[in-house]
Amino acid sequence: MRRRAMLAGAVSLAAVTIAGCGERPQTPAGGGADGRIRIGIVAKSLGNGFFEAVHKGANEAAAALNAEIIFTGPTTPTAEGQIETLNALIAQRVDAIAISANDPDAVVPTLQRAMQRGIKVISYDSAVAKEGRAVHLAPSSDVLIGQTVAQLAAELAPEGKGKVAVVSATPTSTNQNSWLAQMQQALPRYPGLQFAGVVYGDDVSDKSYRETVALVKQHPDLAVIVSLSSVGIVAAAKAIEDQGLTAKVKVTGLGLPSELIGYVRKGVVPKFAIWNPIDLGYAATQVAARLARGEKSENGQEISLERVGTVSFDDDGVGAMAKPFIYDQSNVEQFAAIF
Amino acid sequence: MHMIQNSAARRDLALGVIVVALLGAVTAAFPQFARPVNLAEILDDSAILILLALGQMIVILTRGIDLSIAANLALSGMLVALFNKNYPEAGVLPVLLIAIASGAFLGAINGLLVWRFKLPPIVVTLGTMSVYRGLIYLLSGGTWVNDNQMSPSFLDFVRHQVLGLTTLSWLAIAGIALAALLMRYTVTGRDLYAAGGNPAAASYTGIDPGRMQCLAYTVCGAIAGLCGYLWVARFAVAYTDIALGFELQVIAACLIGGVAIAGGVGTVAGVVLGCLFIGIIRNALPLIGVSPFWQMGINGLVIVIAAVLSARRREDKRAILETSPA
């Protein structure tokens, strides 16, 4: 009996504590006395160039939004590390959290606790399961990626005309296949381009290289090779360079600036695409700030991302930031230092 | 004795005929295939596989197996890539020495564990395979070493052409010649066969089968280390997962080449033909436009057929010790 009473007391105490915490963010417009909102940006791990760039973009957006950025993350890319980081942010009573999750599910209970306390939670880059966040800001979408690489192929083919082939990863890769399907849907916009086929490099250097060599033998008039895998595009570029076809066959697709800078300089990969992490940090901060200021996120409604454009979130709360960013001779140097 | 040599020679001859027939069939479908330039490219493409398969053959002969061969390649490759990144002026010679030394060291770890602790080779190398891969991550911090971070001499060494063939191809040819001589005409070479063919009997003749296994692993490791540099230079990139799963292709080449997984039987010629077989298949199938799933199926089928053929010859194996070194 006595035990039960004590238990009841403990529960009510806990309830008071929770209610007390919950009260604070209900003050209008959130933030401290000066109306400044504080946004915790959580990286997958610290010391990673990609997230340093995200931080840079977040700071840029924060300056205009009268917000303060607390950039943090674990030292190693683990869910456990992120949970500790999140607990610290909750204790600091930030107004919003934007996280790139190391595990979509493991961080959910912690983020739910944050949301119970009135903190607005979004995920960016790497999604959190639906229950753990208000919205997810994806860097891009399958459709936008497909359209961008089709456009790159058209720009690189001489006078927009020629054969295009793809060096994919494994034939069963879900990502690759949906990007590829979207690319093929976008290709008819460029009537000069002729789709020559897909080969599979299985995301290993030697097979990607070999398949690329076979591709140019099979199609001596090939104009552009598209690869949407970071291993594939590097191997394809090396194969084209070794075959002495740099002037004739252009390689493009998705890759990282630090991995492709050599081939951009040599003209093997004149341009390629990947999301811009600075823009991603900027956009995530915009979304987080707007939610923290109490703006509603109606499904399907467009939210302004200022200089990056707009985003609308679907029924699952997922929205795509923008088309992948194009990198070429003019900017690859700057970004190669970042990621 | 003659029966054995005849049997192995017959088998190699049969495989040789199959390889030539395969080449003929592909050429019929795609005439460009048999052009010297293209054949040279296939040799270039198969060179690393040939070198690794020769190393793997020595291990399998002594009743071992090296599953860590590709991980060793990747770790040694990363090591020299990082060395070259930090000391681009050092040239290729130190790179070669570091690659071979690192590979031999990693191979010797396998060898000592198998020899001194009498652990099953498959268990030891399954373990070291993961350990070596993990070390690459620790060494590189998960980052890539890219082509623009490699010095021109580091990249060009494998591509340098002499008499129409690349250094890579010449290294494979030198490896084949060396292996053929050593395995046939040196006492150590014959001891390796004997240690695997019948370890108990070999012990009575003063050969330590464990020591032979350790030697085989060290040699195989040294080759894997060298191939680490060759791989990284050829594809101009080093990262944690390079050559992931490649050990299975190397073992497949040995099996197709007639190396008995139970040890004691196998020839250099057979292994080279096995590698060329795989080399032709994997260069021809994409050219003809065969679906990737068929490619996997065909590769697998060939291995199974080779295994069935090897099984039928198991009777021959017992006699190997009766043959004495020349």
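**Group meeting: a walk through chain A**

Okay, let's start with one pair of residues: A:V166 has A:V198, in strand 7 of chain A, as its bridge partner. Before I go on, please keep in mind that this is a predicted model.

So where does that pair sit? Another pair you can look up is A:G162, which stands opposite A:L193 of strand 7. Strand 6 is mostly covered, with seven of its seven residues buried.

Now zoom out to the sheet. Four strands of chain A make up an open sheet, in the order 7-6-8-9, with parallel pairing. Strand 7 (193–200) and strand 9 (250–253) are at the edges with a single partner strand each, so each has one side left without a neighbour in the sheet. On average, neighbouring strands here are turned by 25° against each other, if you ignore direction.

Next, a residue I'd like you to click on: A:E211. You'll find A:E211 in helix 7 of chain A, residues 205–218. Is A:E211 buried or exposed? There are 27 other C-beta atoms within 10 Å of A:E211, and the cut-off for buried is 20 or more, so A:E211 counts as buried. Leaving out residues up to four places away in sequence, A:E211 touches A:V167, A:V199, A:Y200, A:G201 and, from the other chain, B:P286. Take A:V199 from that list: A:V199 and A:E211 are twelve residues apart along the chain, and their C-alpha atoms are separated by 6.4 Å.

In total, 18 residues of chain B are in contact with 20 residues of chain A. On the chain B side, helix 12 (268–288) and helix 13 (292–312) are the elements giving two or more residues. Helix 12 of chain B has the largest share, four residues. By class, that side of chain B has ten nonpolar, four polar and four charged residues.

Back to chain A as a whole. Chain A has eleven helices and 14 strands, and buried residues make up 50% of its 339 residues. Of the contacts in chain A with a separation of 6 or more, 71% are between residues 24 or more positions apart. Chain A is divided into domain 1, which is 29–139 plus 277–322, and domain 2, which is 142–274. Taken over C-alpha atoms, the centres of these two domains are 33 Å apart.

Last stop, helix 2 of chain A, residues 49–65. Its 17 residues should span 24 Å at 1.5 Å a residue, and its end C-alpha atoms are 24 Å apart, so the two agree. Its buried residues include A:F51, A:V54, A:A58, A:A61 and A:L65. Which elements cover the buried residues of helix 2? Among them are strand 1 (37–42), strand 2 (67–72) and helix 10 (277–292) of chain A.

Definitions and conventions: Residues are numbered from 1 along each chain as its sequence is written. Chains are lettered from A and ligands numbered from 1 in the order in which they are written. This is a predicted model: local features need pLDDT of at least 70, side-chain atom pairs count only at pLDDT 80 or more; totals for chains, interfaces and linings use all residues. Domain bounds come from an automatic or database domain assignment. Two residues are in contact if their C-beta atoms, placed from the backbone, lie within 7 Å. Ala, Val, Leu, Ile, Met, Phe, Trp, Tyr, Cys and Pro count as nonpolar, Asp, Glu, Lys and Arg as charged, and the others, Gly among them, as polar. A residue is buried if 20 or more other C-beta atoms lie within 10 Å of its own, exposed if 12 or fewer, and partly exposed in between; C-beta atoms are placed from the backbone. Two strands pair if DSSP finds at least two bridges between them. Axes are lines fitted to C-alpha atoms, for helices over the stretch in contact, and angles run from 0 to 180 degrees between N-to-C directions. The expected span of a helix is 1.5 Å times one less than its number of residues.
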